[in-house]
Amino acid sequence: MSDLFNAELHELRAQSLHRKLREIGSAQAPEVQIVGRRLVNFSSNDYLGLASDPLLCEAATAAIAEYGVGAGASRIVSGTFSPHVRLEAALAKWKGTQAALSFSSGYAAAVGTLQAIAGKNDVVLLDKLSHASLVDGAKLSGATIRVFPHNHLGKLESHLEGARRENPDGRIVIVTEAVFSTDGDRAPLRQLVGLKKRFAAVLVLDEAHSIGVIGPNGRGLAADEGLTKHVDIHIGTLGKALGASGGYVCGSRSLIDWLINRARAFIFTTAPPPALAAAAQAAIDFVSSQAGDECRLLLWQRIATLRSGLDGGVQTELDAIQAGSAIHPIVIGDEIEAVELSRALYAEGFLVPAVRYPAVAKGAARLRIAVTAAHSEKQISGLAEAVNRLRADVTLAA
Ligand SMILES: *Cc1c(COP(=O)(O)O)cnc(C)c1O
């Protein structure tokens with residue numbers, strides 16, 4: 001038994017695809033402590049710097065004092081506490097939908113939702129770059145799965161035609177992300193809404209990387225484009241820009257009622273701690289406020305600082321994928337080179353992860369720089385300078 005997986009692990013190492021956990025001895029913040037060293041952290045999705053904000057800490061502490069730590073039961077048994085109910089009311093109001101449901105993670109929200117809304121007579125159409133949680137949920141649903149090339153409306157349209165022809169009465173579900181997690185680009189939402197209407201399909205939009213960052217009051221891409229009512233199912237996480245933990249689904253009252261009754265990732269798990277729901281609600285109150293708008297403005301200034309600090313070549317690449325988010329991929333291609341570049345940045349005090357297969361395709365390894373409102377101008381210009389210099393070294397060596 002002792003060498004179980006050794007060969008597989010060796011193979012991962014040989015391909016530079018092996019991952020190790022890194023212990024952080026401080027709070028999630030622009031600077032983190034790793035084995036006694038301070039590093040400037042460009043690896044988190046805490047885009048507004050809320051993860052260690054006193055507003056959230058105080059909300060969580062107060063809720064712990066009142067409700068304790070563990071929920072002790074599933075939401076559908078005796079694990080639904082007032083903070084869960086208040087959070088869901090706040091989510092629905094903020095997103096502009098009839099109702100909302102919170103889950104213990106964004107992963108669970110995506111898996112639970114797709115599993116519940118489609119079945120073996122249905123078709124799920126997934127963007128090629130869809131997050132693993134959406135892929136897993138689609139698989140679990142038992143529906144026929146078709147993948148269309150990233151943001152490719154023509155291919156999606158032919159899949160829709162095929163699905164309607166083969167199964168005139170079945171449910172067709174289009175699944176995409178508002179901002180893609182490893183490329184940082186956006187979905188062509190208006191055109192997707194047009195297609196979903198033409199083919200009477202259901203549109204599921206995962207706003208994991210757009211809420212808090214894009215749109216009025218940080219409500220995301222659908223709100224930014226005035227399309228909230230035309231997206232049937234809004235999925236997102238409470239763990240990225242909202243700085244807490246958990247996931248959500250927003251939509252019609254009947255959708256939420258169906259999920260409560262059918263989403264296995266909601267039903268068969270202990271409810272998230274009420275204190276986390278309280279912290280997430282504090283985050284929503286903040287992003288909806290004027291202070292939230294100012295924080296988002298600051299984030300966009302920081303994004304501009306990074307973009308203008310990077311070499312022209314990298315800027316052109318970012319423009320080409322129309323990155324309109326806090327996520328900046330520096331595509332390297334080769335896994336070993338990407339890991340080397342990440343290591344070189346680490347040596348200079350910057351934490352920037354090398355994103356590799358299976359998070360992206362093989363041969364599409366990249367650095368993923370995530371900017372937050374909490375970074376200083378100086379931290380960002382320092383990173384840009386280091387990336388420009390070290391990337392030139394790696395490119396020359398290749
Ligand atoms: C991070 C992410 C999730 C999962 O959310 P968690 O709360 O981290 O489980 C789901 N979908 C997308 C697109 C994500 O980027």
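This is a predicted model: local features need pLDDT of at least 70, side-chain atom pairs count only at pLDDT 80 or more; totals for chains, interfaces and linings use all residues.

Colleague: Nice. Which strands make up the open sheet?

Modeller: There are 3 strands in the order β10-β13-β12, with antiparallel pairing. β10 (327-333) and β12 (354-355) are at the edges with a single partner strand each, so one side of each has no neighbour in the sheet.

Colleague: How many bridges join β10 to β13?

Modeller: β10 and β13 (residues 365-370) are joined by 6 bridges. One example is Ile330, whose bridge partner in β13 is Leu367.

Colleague: Switching topic: how many residues of β3 are buried?

Modeller: In β3 (residues 99-103), 5 of the 5 residues are buried, so the strand is largely enclosed by the rest of the structure. Ala99, Leu101 and Phe103 point one way, while Ala100 and Ser102 point the other way.

Colleague: Which strand does β3 pair with over 5 bridges?

Modeller: That would be β9 (residues 247-251), in the antiparallel sense. Ala99 stands opposite Gly251 of β9.

Colleague: Let's talk pockets. What is the volume of the second largest pocket?

Modeller: The second largest pocket has a volume of about 320 Å³. Its lining has 17 residues, and the ones nearest its centre are Asp232, Ile233, Gly251, Ser252 and Leu255.

Colleague: Which elements give two or more residues to the lining?

Modeller: Those are β8 (233-237) and α9 (253-262). The largest share, 3 residues, comes from α9.

Colleague: And how many of the lining residues are nonpolar, polar or charged?

Modeller: The lining of the second largest pocket has 6 nonpolar, 8 polar and 3 charged residues.

Colleague: Back to α9, then. Which of its residues are buried?

Modeller: Leu255, Ile256 and Leu259 are buried in α9. Looking down the axis, the buried residues fall within an arc of 95°, so they line one face of the helix. Arg253 and Ser254, on the other side of α9, are exposed.

Colleague: What covers the buried residues of α9?

Modeller: The cover includes β3, α4, β8, β9 and α10 (264-267).

Colleague: How about α5: which residues are buried there?

Modeller: In α5 (residues 132-141), the buried ones are Ser133, Leu134, Gly137, Ala138 and Ser141. They cover an arc of only 135° around the axis, which puts them on the same side of α5. On the other side, Lys139 and Leu140 are exposed.

Colleague: What covers that buried side of α5?

Modeller: Among the elements covering the buried residues of α5 are α4 (106-117), β4 (123-127), β5 (144-148) and β8.

Colleague: Last topic, single residues. Is Arg296 buried or exposed?

Modeller: Arg296 is buried, because its relative accessible area is 6% and buried means under 20%. It sits in helix α12 (residues 290-309). Leaving out residues up to four places away in sequence, Arg296 touches several residues, including Leu48, Gly212, Asn217 and Val287.

Colleague: And what about Ala63, buried or exposed?

Modeller: Ala63 counts as buried, at 6% relative accessibility, and is found in helix α2 (residues 54-67). The C-alpha atoms of Ala63 and Leu276 are separated by 8.4 Å, although the two residues are 213 residues apart along the chain. Not counting residues up to four places away in sequence, Ala63 touches Gly68, Pro274, Ala275 and Ala278.

Colleague: Thanks, that helps a lot!

Methods. Residues are numbered from 1 along each chain as its sequence is written. Side-chain values use heavy atoms; hydrogens and water are left out. On a 1 Å grid over the protein atoms alone, a cavity is a set of points where a 1.4 Å probe fits but cannot get out, and a pocket is an open set with protein on both sides within 12 Å along at least five of seven lines; lining residues have an atom within 4 Å of a point. Grid points are joined across faces, edges and corners, and a volume is the space filled by probe spheres set on the points. Helices (H or I, at least four residues) and strands (E, at least two) are DSSP runs, numbered from the N terminus. Ala, Val, Leu, Ile, Met, Phe, Trp, Tyr, Cys and Pro count as nonpolar, Asp, Glu, Lys and Arg as charged, and the others, Gly among them, as polar. Buried means under 20% relative accessible area, exposed over 50%, partly exposed in between (1.4 Å probe, protein chains only). The arc is that of the directions from the helix axis to the C-beta atoms. Contact means heavy atoms within 4.5 Å. Two strands pair if DSSP finds at least two bridges between them.
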